[in-house]
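This report covers a calcium site, a cavity, aromatic pairs and selected backbone features. The sequence and model are shown first.

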Amino acid sequence: MLKFAISLSYLILYVGAVHAQQYVPGEVIVKLKSESGSSDSYAFLGKAHSDKEMALKESWGKMKMYHFALKKGQTVEQAVADLKKDPNVLYAEPNYIFSKTTEQVGMHETFSAEQIQTASVSAQNYQATGANIGVQTVWTSTSGMPAVKPVVAVIDTGLDTTHYVFQDSQAIWTNDDEIPGNGIDDDGNGYVDDRHGWNFVDNSPTMYDDDGHGTHVSGIILSIDQNIYATPLRESRIKIMPLKFLNGNGVGTTSNAIRAIYYAVNNGATVLNNSWGGTSYSAALHEAVAFTYNSKAIFVAAAGNSGMNNDSTPMYPASYDVPNVISILATTDYDYKASFSNFGAQTVDLGSPGVFILSTVPNDAFGTSSGTSMAAPFVAGTAAQIKVEAPTMLGYQMKTILKQQYTAVSQLNGQVETSGRLNSGLAVNFAKTAAIDTNQPGYTVNYSADRDLASNVAGGGGCGTVRALAEKTPPWGGAGAVVVLLLAPIVVLVIMRLRAPANRRKHERFKIHSDVRLMVGDKEMVGSISSISLGGVQVNTSALMQDGGLVTMAIASPDGSERIEVSGRVVWSEANKAYGVQFAQTPQSVLSRIADWTRGLQKVS
Ligand code: CA
């Protein structure tokens with residue numbers, strides 16, 4: 001009941017913010033044609049200040065780019081339209097909003113450090129995902145500690161740097177040129193006391209992860225280096241640079257994303273993990289990504305979680321055609337595309353595990369979460385280990401290796417360009433003896449200067465998931481879209497608690513987490529099972545199922561070693577994400593398998 005009360009209060013809080021925009025109200029990003037410091041640029045800035053009452057928030061001089069706050073009362077639409085008419089302006093655009101790319105359910109389950117180190121759950125996770133992608137080959141690699149540890153920038157919600165996994169492995173990046181806490185920007189990089197990264201949300205050196213997402217992503221990156229579920233941990237071969245630009249709700253702005261990307265590259269990161277995205281095209285962000293390419297880094301990006309085809313509905317930054325961007329689809333432990341994952345035979349590169357991934361969460365704990373957010377960091381972690389083996393390798397070649405040394409999976413035909421899933425062991429081993437290619441193709445940003453605001457807005461919310469939800473919510477339209485994303489899991493929680501579960505159950509029900517393949521008619525889908533009894537299961541899937549509909553399921557055992565096939569009927573559904581399926585005509589052999597599986601599992605209270 002207490003939990004219910006908390007959920008409801010959050011609900012009210014978010015409803016209050018329903019008029020939030022998919023871009024920041026009252027802000028624009030402008031790129032000039034003239035060089036910074038030229039008379040034309042001064043003329044423009046002077047006019048913007050005095051005539052338009054625009055306040056300069058930040059400038060990226062080398063890029064000829066400026067971030068302004070508008071005069072009070074002026075709309076972004078009007079300002080962008082006016083600015084585009086200015087002969088000095090190359091482009092003007094809103095400050096778009098982006099979201100993390102985890103599934104809406106967020107964290108599935110959490111565990112303490114003690115549970116992880118004693119329970120079989122960590123072993124299961126290793127069996128399910130680690131073995132698939134060959135992490136043990138990387139862990140036991142004979143290569144020693146690199147002279148210079150590759151730095152992976154985690155552009156995300158922050159990081160609990162005090163978590164013992166990162167502390168014991170000494171995995172947190174340190175800016176050696178900055179003296180902490182002296183209130184001085186010792187290294188002159190524009191950030192005061194940025195000893196271990198930066199928080200772009202509140203402009204501070206504290207990256208505390210008020211969401212949990214960035215800590216989870218960072219643990220996945222480190223899990224390619226070593227077994228993070230066991231103790232003792234050894235010194236890490238890589239460094240993680242936490243750059244917080246997503247707030248506690250997992251939402252961030254283009255301007256802060258750009259700042260984080262420039263910070264990452266300018267401070268030595270060669271691998272950038274981007275488990276976030278949105279459907280609005282930003283020329284400014286496009287240029288920032290191109291800058292990472294010209295700086296020889298690799299830019300790993302989550303493909304998005306709306307189950308859509310990125311070939312026709314691009315997701316940014318994953319869909320920028322910059323040659324060092326590698327766009328990642330999420331797979332299940334059985335190498336199917338996760339039902340929520342975006343795909344794209346032309347624009348998504350590679351599959352990687354992204355369902356029920358166990359990793360670090362704040363306060364020395366662990367948790368499972370799903371999303372392309374979880375799939376991308378396996379690739380980023382592998383790229384970092386490639387860099388351990390081949391310190392001078394360019395990001396472009398790292399991407400090429402990742403796209404050539406993988407596991408072919410027929411189920412991914414037509415879903416990703418490679419028809420393959422990440423194989424960390426193969427890719428890192430290959431890099432040990434690969435000839436270093438110092439060339440990379442040239443790239444120029446070919447943004448559409450005329451791409452207008454209206455077409456971007458019509459494209460829907462800040463993120464693919466949001467868009468799908470917004471389409472079902474006409475009164476809010478695109479404008480409330482980002483908030484809808486935040487709202488959705490809360491609504492589900494509330495509905496679940498309002499409905500009395502007692503009348504659903506005749507059998508004892510157990511908590512379980514295993515994946516399921518679903519056949520409805522001739523359509524095959526994937527999902528997960530969150531509880532099971534001798535009478536039925538609770539299925540979580542992005543696929544739509546009808547109440548009363550027949551479904552055939554291939555349910556994996558908790559350890560993934562076997563599957564049972566069983567048919568049933570959908571008897572209840574909640575917000576189209578969770579379904580109750582009652583078994584029909586269950587053979588005794590199946591019932592006894594379920595009885596075996598559930599022995600010792602926790603009962604659903
Ligand atoms: Ca500094």
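Where is the place of Pro232? Pro232 sits in the loop between α8 and β8, where helices (H or I, at least four residues) and strands (E, at least two) are DSSP runs numbered from the N terminus.

## Basis of the model

This is a predicted model, in which local features need pLDDT of at least 70 and side-chain atom pairs count only at pLDDT 80 or more, while totals for chains, interfaces and linings use all residues. Residues are numbered from 1 along each chain as its sequence is written, and side-chain values use heavy atoms, with hydrogens and water left out.

## The loop between α8 and β8

The peptide bond from Thr231 to Pro232 is cis, with omega near -5 degrees. Ile228 is also placed in the loop between α8 and β8. With a relative accessibility of 0%, Ile228 counts as buried; buried means under 20% relative accessible area, exposed over 50%, and partly exposed in between, for a 1.4 Å probe and protein chains only. The C-alpha atoms of Ile228 and Thr360 are 8.5 Å apart in space, and the two residues are 132 residues apart in sequence.

The structure holds 18 aromatic pairs; rings of Phe, Tyr and Trp (its six-membered ring) pair if their centres lie within 6.5 Å, and planes under 30 degrees apart count as stacked, over 60 as edge-to-face and the rest as tilted. One of these pairs joins Tyr229 and Phe366, with ring centres 6.3 Å apart and planes at 50 degrees, so the pair is tilted. This pair links distant parts of the chain, 137 residues apart: Tyr229 is in the loop between α8 (213-223) and β8 (239-244), and Phe366 is in strand β16 (residues 365-369). Tyr229 and Phe366 are both buried.

## The second largest cavity

A search of the whole structure finds two cavities of 30 Å³ or more. On a 1 Å grid over the protein atoms alone, a cavity is a set of points where a 1.4 Å probe fits but cannot get out, and lining residues have an atom within 4 Å of a point. Grid points are joined across faces, edges and corners, and a volume is the space filled by probe spheres set on the points. The second largest cavity has a volume of about 60 Å³.

Tyr229 is one of the residues that line the second largest cavity, together with Asn125, Tyr126, Thr129, Gly130, Val135, Trp139, Ser223 and Phe378. Helices α5 (121-133) and α6 (135-139) each supply at least two residues of this lining, and α5 gives the largest share, four residues. By class, the lining has five nonpolar residues, four polar and no charged; Ala, Val, Leu, Ile, Met, Phe, Trp, Tyr, Cys and Pro count as nonpolar, Asp, Glu, Lys and Arg as charged, and the others, Gly among them, as polar.

## The calcium site

The calcium ion is coordinated at 2.2 to 2.4 Å by Glu178 (OE), Asp185 (OD), Asp187 (OD), Asn189 (OD1), Tyr191 (O) and Asp194 (OD). Donors are N, O and S atoms within 2.8 Å of the metal (3.2 Å for Na, K and Ca); water is not among the atoms, so sites may look incomplete. Along the chain, the donors of the calcium ion follow the spacing E-x6-D-x1-D-x1-N-x1-Y-x2-D.

Why is the arrangement around the calcium ion irregular? The six donor atoms subtend angles of 72 to 159 degrees, which makes the arrangement irregular. Six donors count as octahedral if opposite donors are over 155 degrees apart and all others between 65 and 115, four count as square planar by these limits or as tetrahedral if all angles lie between 85 and 135 degrees, and anything else is irregular.

Asp194 is buried, with a relative accessible area of 0%, whereas Asp185 is partly exposed at 21%. Tyr191 also belongs to an aromatic cluster with Trp173, Trp198, Phe200 and Tyr263.

## Other backbone features

The peptide bond from Tyr316 to Pro317 is cis, with omega near 10 degrees. Pro317 is in the loop between β12 (298-302) and β13 (325-331).

Gln170, in the loop between α7 (164-168) and β7 (198-199), has a positive phi near 50 degrees and is partly exposed at 44% relative accessibility. Asn363, in the loop between β15 (357-361) and β16, has a positive phi near 70 degrees and is exposed, with a relative accessible area of 59%. Most residues other than glycine have a negative phi, and most peptide bonds are trans.

Notes. 1 Å grid on protein atoms, 1.4 Å probe; cavity = no way out; pocket = protein on both sides within 12 Å on 5 of 7 lines; lining within 4 Å.
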